[in-house]
Amino acid sequence: MSQTTELIKLSELPHGTPAQLTAIRGGHQLTRRLLALGLRQGSVLQIVQRRGQGLVLATGEVRIAVGAGIADKLWVAPTADNPALAPVLAETN
(Lines give C-alpha, C1' and ligand atoms only; values in the text may rest on other atoms or scores of the structure.)
Protein backbone atom coordinates (compact mmCIF):
# COMPACT_ATOMS: atom_id res chain seq x y z
CA MET A 1 0.00 0.00 0.00
CA SER A 2 1.27 3.45 -0.87
CA GLN A 3 2.39 5.77 1.91
CA THR A 4 0.28 8.58 0.36
CA THR A 5 -2.96 6.63 0.67
CA GLU A 6 -5.61 8.62 2.52
CA LEU A 7 -7.68 6.86 5.13
CA ILE A 8 -11.41 7.31 5.70
CA LYS A 9 -13.72 6.17 8.45
CA LEU A 10 -15.58 2.99 7.67
CA SER A 11 -18.84 4.90 8.12
CA GLU A 12 -17.88 7.09 5.11
CA LEU A 13 -17.14 4.15 2.80
CA PRO A 14 -19.62 3.87 -0.08
CA HIS A 15 -21.89 0.81 -0.05
CA GLY A 16 -20.36 -2.21 -1.81
CA THR A 17 -16.87 -0.68 -2.17
CA PRO A 18 -14.05 -3.04 -1.17
CA ALA A 19 -11.49 -1.55 1.20
CA GLN A 20 -8.75 -2.74 3.52
CA LEU A 21 -9.01 -2.19 7.25
CA THR A 22 -5.86 -0.26 8.12
CA ALA A 23 -6.43 1.05 11.63
CA ILE A 24 -8.57 0.34 14.66
CA ARG A 25 -8.66 3.54 16.68
CA GLY A 26 -10.25 2.13 19.77
CA GLY A 27 -9.19 0.51 22.99
CA HIS A 28 -7.79 -2.92 23.70
CA GLN A 29 -11.25 -4.38 24.36
CA LEU A 30 -12.57 -3.23 20.96
CA THR A 31 -9.56 -4.70 19.19
CA ARG A 32 -9.99 -8.02 21.04
CA ARG A 33 -13.71 -8.16 20.23
CA LEU A 34 -13.14 -7.45 16.53
CA LEU A 35 -10.39 -10.09 16.40
CA ALA A 36 -12.79 -12.60 17.94
CA LEU A 37 -15.28 -11.78 15.17
CA GLY A 38 -12.60 -12.31 12.52
CA LEU A 39 -12.00 -8.65 11.71
CA ARG A 40 -8.38 -7.50 11.95
CA GLN A 41 -6.04 -4.97 10.41
CA GLY A 42 -5.41 -5.97 6.81
CA SER A 43 -8.86 -7.53 6.35
CA VAL A 44 -10.56 -6.68 3.08
CA LEU A 45 -14.18 -5.75 3.71
CA GLN A 46 -17.15 -3.98 2.25
CA ILE A 47 -20.45 -2.61 3.47
CA VAL A 48 -23.32 -4.85 2.38
CA GLN A 49 -26.12 -3.13 4.27
CA ARG A 50 -26.80 0.07 6.19
CA ARG A 51 -29.25 -0.24 9.07
CA GLY A 52 -29.91 3.19 10.51
CA GLN A 53 -26.51 4.34 11.76
CA GLY A 54 -25.19 0.75 11.93
CA LEU A 55 -23.53 -1.26 9.19
CA VAL A 56 -23.39 -4.87 8.10
CA LEU A 57 -19.92 -5.73 6.80
CA ALA A 58 -18.73 -8.60 4.67
CA THR A 59 -15.24 -9.98 4.95
CA GLY A 60 -14.88 -13.20 3.04
CA GLU A 61 -17.93 -15.33 3.84
CA VAL A 62 -18.42 -13.67 7.24
CA ARG A 63 -21.04 -10.98 7.94
CA ILE A 64 -20.51 -8.66 10.92
CA ALA A 65 -22.88 -5.99 12.22
CA VAL A 66 -21.32 -2.93 13.85
CA GLY A 67 -22.84 0.19 15.33
CA ALA A 68 -22.06 3.76 14.35
CA GLY A 69 -19.60 4.24 17.21
CA ILE A 70 -17.48 1.30 16.15
CA ALA A 71 -17.73 2.21 12.45
CA ASP A 72 -16.23 5.62 13.28
CA LYS A 73 -13.24 3.94 14.98
CA LEU A 74 -12.38 1.75 11.99
CA TRP A 75 -10.30 3.39 9.26
CA VAL A 76 -10.01 1.94 5.78
CA ALA A 77 -8.04 2.49 2.56
CA PRO A 78 -8.76 1.45 -1.02
CA THR A 79 -7.68 -2.05 -1.94
CA ALA A 80 -5.02 -2.49 -4.59
CA ASP A 81 -7.64 -3.87 -6.99
CA ASN A 82 -9.98 -0.93 -6.33
CA PRO A 83 -8.32 2.36 -7.32
CA ALA A 84 -11.81 3.72 -8.06
CA LEU A 85 -12.12 4.62 -4.37
CA ALA A 86 -9.42 7.31 -4.73
CA PRO A 87 -11.87 10.01 -5.95
CA VAL A 88 -14.16 9.25 -3.00
CA LEU A 89 -11.23 9.73 -0.65
CA ALA A 90 -10.36 13.06 -2.29
CA GLU A 91 -13.94 14.32 -1.77
CA THR A 92 -13.88 13.58 1.96
CA ASN A 93 -10.72 15.66 2.61
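Biologist: To begin with a detail, what is the bridge partner of Leu55 in E5?

Modeller: The partner of Leu55 in E5 is Val66. Please note that this is a predicted model, in which local features need pLDDT of at least 70 and side-chain atom pairs count only at pLDDT 80 or more, whereas totals for chains, interfaces and linings use all residues. Residues are numbered from 1 along each chain as its sequence is written, and side-chain values use heavy atoms, with hydrogens and water left out.

Biologist: How many bridges are there between E4 and E5, and in which sense do they pair?

Modeller: E4 and E5 pair in the antiparallel sense, over five bridges. Two strands are said to pair if DSSP finds at least two bridges between them. Strands (E, at least two residues) and helices (H or I, at least four) are DSSP runs, numbered from the N terminus.

Biologist: What about the turn in that hairpin?

Modeller: The hairpin of E4 and E5 has two residues between the strands, and Gly60 takes a positive phi near 65° there. In the hairpin of E3 and E4, also with two residues between the strands, Gly52 takes a positive phi near 65°.

Biologist: How many helices accompany the strands?

Modeller: The chain has three helices and six strands. Read from the N terminus, the elements run β-β-α-β-β-β-α-β-α.

Biologist: Back to E4. Why is it described as largely enclosed?

Modeller: Six of the six residues of E4 are buried, so E4 is largely enclosed by the rest of the structure. Buried means under 20% relative accessible area, exposed over 50%, and partly exposed in between (1.4 Å probe, protein chains only).

Biologist: Which residues of E4 point which way?

Modeller: Gly54, Val56 and Ala58 point one way from E4, while Leu55, Leu57 and Thr59 point the other way; all are buried. Thr59 has a relative accessible area of 12%.

Biologist: What does Thr59 touch?

Modeller: Leaving out residues up to four places away in sequence, Thr59 touches Gly38, Leu39, Ser43, Val44, Leu45 and Ile64. Contact here means heavy atoms within 4.5 Å.

Biologist: And what are the neighbours that Leu39 touches?

Modeller: With the residues up to four places away in sequence not counted, Leu39 touches Leu21, Leu34, Leu45, Leu57, Thr59, Ile64 and Leu74. Leu39 is also one of the residues with the most contacts inside the largest nonpolar core, together with Leu10, Leu13 and Val76.

Biologist: How many residues are in that core, and which elements supply them?

Modeller: The core has 18 residues. The largest share, three residues, comes from E2. A nonpolar core is a set of buried Ala, Val, Leu, Ile, Met, Phe, Trp, Tyr and Cys residues joined through side-chain atoms within 4.5 Å.

Biologist: On another topic, is Ala77 buried or exposed?

Modeller: Ala77 lies in strand E6 and counts as buried, at 0% relative accessibility.

Biologist: And where is Thr17?

Modeller: Thr17 is in the loop between E1 and E2. Thr17 is buried too, with a relative accessible area of 14%.

Biologist: Finally, what is the average pLDDT of the chain?

Modeller: The chain averages a pLDDT of 84, and 80% of the residues score at least 70. pLDDT is the predictor's confidence in each residue, from 0 to 100. Over residues 84-93, pLDDT stays under 50.
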